[in-house]
Amino acid sequence: MRDETTPDRAAPGTGVPTPGAPAPVVPGTTAPEAGTPEAAPAAATPGTTEPEPGTPAGAEPEPGTPDTAVPGAGGRDTTAPNAAVPDTAVPGAGTPRPGAPDPVLRDPSFRRSAALFRAFLREQSDPEHVYSLLARDAVRQVERYVPLRDRVVVDVGGGSGHFTEEFRRRGAQAYLFEPDPRELLAHGRTPSGAVLADGYLLPLADGVADVCFSSNVLEHVADPYTFLSEMVRVTRPGGLIYVSFTNWLSPWGGHETAPWHYLGAGRARERYRRRTGRAAKHTVGVNLFPLHIGPTLRHVRGRSDVTVVRARSRYWPFLAGAVTRIPGLREFATWNLLLILRRSSS
């Protein structure tokens, strides 16, 4: 979900760097032009020593302790956590024991779906709560398939860094690649481990990520299949790819203009302008692109470089996988498609 009060996220290839925002410098690639941001985190040195267990997240390393680095990229990052932190309680759900399942976020469940729906209603007034809750939920979904401690996670298009921070909180070496400097600086600070980078051409070597993650970005890029191919390229054989998107015929397909997008994108934008007195944040063909479930499923199932582990509705409380198997109905009822893919070994 995207907040209409948050600055637009540029589609990969359209973000314009600003001084002070991070930018990638990768060995073998052209250096940024004068005035572009500083370099991305530097490549790790083989054989570096792990920090002592229990070191607090974000703590300064002891003298002589090597920094954590983004594999395959330039620059250095010293703020990756060394151990997972116990779960944070959802308001009203009590405080869970470390490692215990959160009753509200158990997936799937009616309580989880209701908690997420109530949070989405507060997206305008309290985006921090909404995206922190969504990040905890998404990272839990990833943990069903791969343990996160010490794994390299690449978050593509993660905006101001909620998902990256949650991955790090759970012990992963997570890095954010975002094309829009306004998104990166939305909280008045650059998220730790962030790189200003094009999602179509990530400044990473092949197969460096254990997990490649992208939440609700695919409908905002003009060429989603090339975007997916780049996610596959940077994922190691056997690694996990998590990608979700809001499909066009979903009740939320038009984003802030929904559900009036069913009557046409132009008409929906005009109605939004009359009702609110301002232009809609998203324009079809510019930063929002109609994307459908059937063609996307056929595409990923036809690829030889990935296998489909799971295709399901991201938010449904029951029959989350079944709804995606019914042509026609799935385009309206799925709401948001979640794909869990495994990088093929060949």
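Helix α2 passes helix α3 in a right-handed crossing; a crossing is called right-handed if the near helix is turned clockwise from the far one by less than a right angle, and left-handed if anticlockwise. The model is predicted: local features need pLDDT of at least 70, side-chain atom pairs count only at pLDDT 80 or more, and totals for chains, interfaces and linings use all residues. Residues are numbered from 1 along each chain as its sequence is written, and side-chain values use heavy atoms, with hydrogens and water left out.

Helix α2 covers residues 127-143 and α3 covers residues 162-169. Helices (H or I, at least four residues) and strands (E, at least two) are DSSP runs, numbered from the N terminus. The axes of α2 and α3 come within 9 Å and cross at roughly 50°. Such axes are lines fitted to C-alpha atoms, for helices over the stretch in contact, and the angles run from 0 to 180 degrees between N-to-C directions. The two helices are therefore oblique to each other: angles under 35 degrees count as roughly parallel, over 145 as roughly antiparallel, 65 to 115 as roughly perpendicular, and the rest as oblique.

On the α2 side, the residues that meet α3 include Y131, L134, A135, A138, V139 and V142. Their partners in α3 are H162, F163, E166, F167 and R169, where contact means heavy atoms within 4.5 Å. By class, this contact has eight nonpolar, two polar and four charged residues. Here Ala, Val, Leu, Ile, Met, Phe, Trp, Tyr, Cys and Pro count as nonpolar, Asp, Glu, Lys and Arg as charged, and the others, Gly among them, as polar. An α-helix has 3.6 residues a turn, so residues three or four places apart point the same way.

Helix α2 also meets helix α1 (residues 110-121), and the axes of these two come within 9 Å and cross at roughly 150°. That angle makes α1 roughly antiparallel to α2. Helix α1 passes α2 in a left-handed crossing. In this contact, R112, A115, L116, A119 and F120 of α1 face H129, V130, L133, L134, D137 and Q141 of α2. Seven of the contact's residues are nonpolar, two are polar and two are charged. Helix α2 itself is mostly covered, with 13 of its 17 residues buried, that is, under 20% relative accessible area, whereas exposed means over 50% and partly exposed in between (1.4 Å probe, protein chains only).

Attention now turns to helix α5 and strand β5. The buried residues of α5 (residues 224-233) are P224, F227, L228, E230, M231 and V232. They pack against several elements, among them β1 (152-156), β4 (209-215) and β5.

Within β5 (residues 235-246) lies T235, which counts as buried at 0% relative accessibility. Its C-alpha atom is separated by 8.7 Å from that of V154, 81 residues apart along the chain. Leaving aside neighbours within four places in sequence, T235 is in contact with residues including G207, D210, L240 and R343.

G239 is also found in β5 and is buried, with a relative accessible area of 1%. Not counting residues up to four places away in sequence, G239 touches D210, L341, R342 and R343.

For the protein chain as a whole, there are eight helices and seven strands. Buried residues make up 51% of its 346 residues. Of the contacts with a separation of 6 or more, 68% join residues 24 or more positions apart.

Notes: Expected span 1.5 Å × (residues − 1).
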